[in-house]
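Welcome! Take a look at the model below, and keep it open while you read the notes that follow.

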Amino acid sequence: MSRGSGILPDESMFAEFKRQCLSTENWVNKYDKNDMEVWVEQAPLSASINNKGNYSKVHKIRCQINIKDVSAATMYDVLHDGQYRKTWDPTMLESFDIARLAHNADVGYYSWICPKPLKNRDVVTLRSWQASENEYVIINFSVKHPKYPPRKDLVRAVSLMTGYLIKPTGPQSCIFTYLSQADPKGSLPKWVVNKASQVLAPKVLRSAHKAGQNYPAWKAANSPDHKPWLYPIQSELAMMDPAELSIQRGDSLENVDESSTRDAQENEDSS
């Protein structure tokens, strides 16, 4: 996808992300319960399974929840508020913003817990966002930052295109969509792919929904007027030249072999 003349996303990237969020082609439904659905992209068999029987390379998942009691604007604030995320994200190990790149773009670090016995992952991503009365969009993709190289204790994953599309359906309701196209590195066994789509993704979305319900009360007691994602003048992050960043390619990172976990955890496949 085009990023124009530089690394910052252009309109075509936002348009392509929204198209994928709404597309029905090549998606297989893996979960449909209590106003939530999860789909996994049906890739050609030869491209998705290697000779050890492990799923690898790019994994694409889309989750959507029909939220009936939280506004789209509140859910958008929840996703941006890094201080609040520490109180509700069940998989987060560490998260922080590194620098501003533009009025609607920054670069940040995020690490998360993976199902045992897999190694935990981290990413450095460029994030950009757009907000209007009709929709809220946040997208990110992996970049190389000179001060944040891969760590020995974590597997550096690659986000090719990940983000959120939130569309209001009423004053206090919205359709909340999460789309992830990522290379988690390593050689993930089938049970991990299944657990991600059938257990972990719904769990995280339900946590986000609950976070949205609780956010107004929390924010009222924690710098209620401080929302730099809406008011860039409030940002305390240092500015960084986007030219100092480069796209993180998966093939430039070490591919950790986790195939030995497949047999030990095969029973997880039915979770």
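Helix H3 (residues 72–80) is largely enclosed by the rest of the structure, because eight of its nine residues are buried. Please keep in mind that this is a predicted model. The notes below start with this helix and then move to charged pairs, strands, one serine and a surface patch.

- The buried residues of H3 are Ala 72, Thr 74, Met 75, Tyr 76, Asp 77, Val 78, Leu 79 and His 80.
- One of these, Asp 77, forms a salt bridge with Lys 227, and the closest N and O atoms of the pair are 2.7 Å apart.
- Lys 227 lies in the loop between H5 and E11 while Asp 77 belongs to helix H3, so this pair ties together parts that are 150 residues apart in sequence.
- Are the two partners buried or exposed? Both Lys 227 and Asp 77 are buried.

**Other salt bridges**

- Side chains of opposite charge can pair when their charged atoms come close.
- How many salt bridges does the structure hold? There are 13.
- Lys 60 forms a salt bridge with Glu 41, with 3.6 Å between the closest N and O atoms.
- That pair links distant parts of the chain: Lys 60 sits in strand E3 (residues 59–67) and Glu 41 in strand E2 (residues 36–41), 19 residues apart.
- Lys 60 counts as buried because its relative accessibility is 12%, whereas Glu 41 counts as partly exposed because its value is 30%.
- Asp 89 and Arg 85 form another salt bridge, where the closest N and O atoms are 2.8 Å apart. Asp 89 is buried, and so is Arg 85.

- Strand E9 (residues 158–170) pairs with strand E7 (residues 136–144) in the antiparallel sense, over five bridges.
- To find this pairing in the model, look for Asn 140, which stands opposite Thr 162 in E9.
- E9 is also joined to strand E10 (residues 173–183) by eleven bridges, and these two strands run antiparallel.
- Here Val 158 stands opposite Asp 183 in E10.
- How many residues lie between E9 and E10 in their hairpin? There are two residues between them.
- In a regular strand the side chains alternate between the two faces of the sheet.

**A closer look at Ser 128**

- You will find Ser 128 in strand E6 (residues 121–131).
- Ser 128 counts as buried because its relative accessibility is 2%, and the cut-off for buried is under 20%.
- A polar atom of the Ser 128 side chain lies 3.0 Å from the backbone oxygen of Asn 104.
- Which residues is Ser 128 in contact with, leaving aside its neighbours within four places in sequence? They are Pro 9, Phe 14, Asn 104, Ala 105, Val 137, Ile 138 and Ile 139.

- Leu 230, Tyr 231 and Ile 233 make a nonpolar surface patch of about 350 Å².
- Tyr 231 is found in the loop between helix H5 (190–220) and strand E11 (246–247).
- Tyr 231 counts as partly exposed because its relative accessibility is 44%.
- The loop between H5 and E11 also holds Lys 227, the salt-bridge partner of Asp 77 in helix H3.

Methods: Residues are numbered from 1 along each chain as its sequence is written. This is a predicted model: local features need pLDDT of at least 70, side-chain atom pairs count only at pLDDT 80 or more; totals for chains, interfaces and linings use all residues. Side-chain values use heavy atoms; hydrogens and water are left out. Patches are made of residues with over 30% relative accessible area and no salt bridge: like charges are joined within 9 Å, nonpolar side chains (Val, Leu, Ile, Met, Phe, Trp, Tyr) within 5 Å. Accessible areas come from the Shrake-Rupley method with a 1.4 Å probe; for residues, only the protein chains shown count as cover. A salt bridge is a side-chain nitrogen of Lys or Arg within 4 Å of a carboxyl oxygen of Asp or Glu. Helices (H or I, at least four residues) and strands (E, at least two) are DSSP runs, numbered from the N terminus. Buried means under 20% relative accessible area, exposed over 50%, partly exposed in between (1.4 Å probe, protein chains only). Two strands pair if DSSP finds at least two bridges between them. A polar contact is a pair of N or O atoms within 3.5 Å; within protein, one must be able to donate a hydrogen and the other to accept it, and residues adjacent in sequence count only if both atoms are side-chain atoms. Contact means heavy atoms within 4.5 Å.
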